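Dear colleague,

Here is the structure I promised to pass on, with the sequence alongside. My notes on what was found in it follow below, and I would be glad if you read them with the model open.

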Amino acid sequence: MKNLFYILLFFHSLSFSQDQSDIDHGLAFLKKSESFYQKSEYDSAYFYAKSGFELFNKIKNDSLINKATLKLVAVTDSIEEQNFYFDLLVGNSQKTKNWRLLADAYYTKGRTYFVDKESAMALPYYLKVDSISQRHNLKNETLVLSILDRADISRITFTHDGIEKAGSLMYKALELAKEIKSEELMFLSYYYLADLEGLKGNLDDAKRYLDLSFDYYLKKDDTKKVGQIYGTYVNYYNATDQLDKSEQANKDRIAYLRTKTDTLRLANALVSYGNFKRLKRNNCEQALKYYAEGKVLYEKFLKDEPDDEYRKLLQGMAACFALVNDYRSAYEYSNLAYNIKDKITKKRNQELSVKLEATYQNKQKEQEIALLQSQKKLAEQQKTNQRNLFLGGLGLTTFAGLFFFFQYRNRQKTNKKLRELDVAKSSFFTNISHEFRTPLTLILSPIDEELERNDLTETQRNKFTMIRRNSNRLLALVDQLLLLSKIETNALKLQVQNTNIHELIAAISSSFEYVFKQKHIDYKTEILANENWYLDIDFIEKILANLLSNASKYTSEHGKVNLNAYVENDRLHLKISNLGTALNEEQLKNIFKKFYQVDKHQEGYGIGLTLVKELTEAHKGHITATSDSNFVTFLVAIPIRKSTYSENEIVSVSRPEASERQIEIVADSICEDEKFKSTEKPILLIVEDHVDMRAFIKSLFNEHFDILEAENGKIGIEIAMEQIPDIIISDIMMPETDGIALVEVLKNDQKTSHIPIIFLTAKVEEEDQIKGILTGADDYITKPFSPKLIHAKIETLLSNRDKARAHYSHEVVLKPAIFSANSSEEIFFNKLQDIINSKLQETDFNVDAFSQEIGMSRMQLHRKLKATLGISASEFLRTERLKAARHLLQNSDLTISEVAYSVGFNDSNYFSKSFIKLFKISPSEFKEQSNT
């Protein structure tokens, strides 16, 4: 018996020893998987993670199985397999109530989307981590990492709200890291905060966090982080004009990475130093030295794989060769960069196609499985029902058949009568609406004519204005009734088209900013959708405008209105919330009924929300209303996929011909600049605190100008900076900021220094007039004034500007003196010339890059160039490239193709077409004439 005990003990020890060996091997596999994952070698990472998973399954160790499963979710590139392992983790954690594992599962799944730059897909998983952690009081590394990723998602929006949200999350992550005593996560938070504070312009804080994180990661010898922090140091020193320190940081980064085996990071560092030498030191000889070494390392590492950093290196070399007049090398490297860009685009498109196909196949399989399961259940249920129904239902069938037949016939008759009644009702609304429009037009037209007279008394003007305001309200009501009748009779048809959601929603929402501003309402918009989808623009405009108008009506002064737009589950969601009086269940139930009003004392007729509901449902969507904590929220959901709509509901939008869609950067920008039409009227900004005077000046110029209005100098400056008007008429004596201060600000800012400004004031003393002119105003008119005089002065100022524009097309180099003696103008045009000289040969230097370099928005740059040179930003770039080409054709022996590439065109046919259009002669003919 004793011998039997020892035998059993021996075999047990053998079994334990084998299990421990499998555990050790499995953990080694997971360690290798992580190592390959960090190197982005995902196939090898998957192999070792899978091997570890199989070993742990063999010994049935649940804890290690979960660990290996987490790694598989992270490294597998199969969506179907990833979902399988994720579902397995979620099921195991919920079954065992292992909430830490559940949070880890959601974080890992979210991280896979985050790494692929699919932030919108990652965010719900990160929020789930936060929800699980709060519910179960979890405070661990997973929660900190999730918060940091959420912060990074907010940061990359590069909006004010996004940056503020990112800062709040990062500081929250730092406090949590300190609480759980995780040194690694504390310094990771410092690393994130250094970048964020730099974005916010808090450079001292950025440097402090940078120093903290650098010391830590240098001590840990984390090659990746140390290399990245060196790069951030370079950016910091460049931003603070400490070029010697920036150069030293570049050298230290290279010296550090030369001691490591990370070839790609060393290549990046060499290129960064080359860029510094070229852009900051203007030393192309030194830049080319570092570019060349980086090029060798890239080619060794990449092995003919296309890479965007390598493309930028080649562009930098092309720019250097062009600056040292080695145009053949510049052409060669520019062409290489273009070919790599083409390969990258094709590769990305191919990867996207594969991903979309995998997603489609996965969804299709899920649907097939669900269908088979439902069919099986249905078949089993049918067998049971057939047996029971056959016996008891035979007698009932005849009776029920007769009952339903007569019921159906009666219902048909009732429905027919109801349809006839609906048609008659809708026809009545349509007819009466049209009947109202004629007398309303006859009322409004004479009233408008009377209001244009200058001899009306204040009492007369107020009465006429009241008549016009109420007539317009009645006209708007008639229009809404007419629209409702069209919907009810199916006369209003959907016309969906491919449109950019962000641009559409932004355009509609921005038109209400002034309305909310007048009531001092805190109006916030968040549009998380920037793709093209299928929508009826007119329907969306009416839906959103009515909801925002309703929010304005029911929100008191200093209240809040929020607009959120986002895409989810193939639907556009519009969420409008306003802080007002909470609604009860009865009010929410009836709020979409025609002529229903929550507050009988409010303006309106109870039609707007009915119209919104009808339009939403006509667009195959739905709308709901909720009320919570005095916030009333409307949520609209509208399908946006093309397949949702029939062919006759889809409107085709014409596209430019292929010949017009050139790869050359100017051609890329033309489509975006179409919003700035050459036929647009000039913009006049009236800055006047007296309401009636402002209205009178507006009436003088309404026909020939687009009018902007400001009630004081402060608002006038804000509008001028944003809209860049063609001319400004300003009073001198105003609250907040007076006219003198307005002129000083605008004339000393490069964005607005070109704008002619006329003072219109009651101050008639000669000393005041001299002060106004010396400040920088272009003219001075005293009240009372002659309308003819002010018309003549504005015509003269604009005419003089047009004459200055005419010089531009004859100049190879921009001359500020042609446009203005103003020092701000001179600085602007010198900067413009410097940018053109350094960037013109770069093929990807487009209007967006141009506006970023000059420090203006696209619209501001467009308005500035349109006012001073008479052309848009894209036309200016193309013209400057063509002028440079004309100079090269006249003074060099380059071929026409080489000249085209040297000045930023990468399509010689498009270059020739543009050259002929500007100079009325072909490049070959011009070159031949120049050589004779």
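The count of salt bridges comes to 27, where a salt bridge is taken as a side-chain nitrogen of Lys or Arg within 4 Å of a carboxyl oxygen of Asp or Glu. Please bear in mind that this is a predicted model, in which local features need pLDDT of at least 70 and side-chain atom pairs count only at pLDDT 80 or more, while totals for chains, interfaces and linings use all residues. Residues are numbered from 1 along each chain as its sequence is written, and side-chain values use heavy atoms, with hydrogens and water left out.

Side chains of opposite charge can pair when their charged atoms come close. Helices here are DSSP runs of H or I with at least four residues, strands are runs of E with at least two, and both are numbered from the N terminus. Asp 211 counts as partly exposed at 26% relative accessibility, given that buried means under 20% relative accessible area, exposed over 50%, and partly exposed in between (1.4 Å probe, protein chains only).

A salt bridge between Glu 649 and Lys 620, with closest N and O atoms 3.4 Å apart, links distant parts of the chain, since Glu 649 sits in the loop between strand S7 (631-639) and helix H23 (665-673), and Lys 620, 29 residues apart from it, in the loop between helix H22 (608-618) and strand S6 (622-628). Of these two, Glu 649 is buried, with a relative accessible area of 16%, whereas Lys 620 is partly exposed at 34%. Lys 751 and Asp 749 also meet in a salt bridge (3.6 Å, N to O), and Lys 751 counts as buried at 18% relative accessibility. Finally, Asp 244, Glu 247, Lys 277 and Arg 281 are linked in a network of salt bridges.

As for the chain as a whole, there are 36 helices and 12 strands, and buried residues make up 42% of the 932 residues. Leaving aside neighbours within four places in sequence, Tyr 106 is in contact (heavy atoms within 4.5 Å) with Phe 86, Val 90, Tyr 125, Lys 128, Val 129 and Ile 132.

Two backbone positions may also interest you. Most residues other than glycine have a negative phi. Lys 181, however, has a positive phi of about 60 degrees and is found in the loop between helix H8 (160-179) and H9, where Lys 181 counts as exposed at 72% relative accessibility. Ile 724 has a positive phi of about 50 degrees and lies in the loop between helix H25 (713-723) and strand S10 (727-730), but Ile 724 counts as buried, at 1% relative accessibility.
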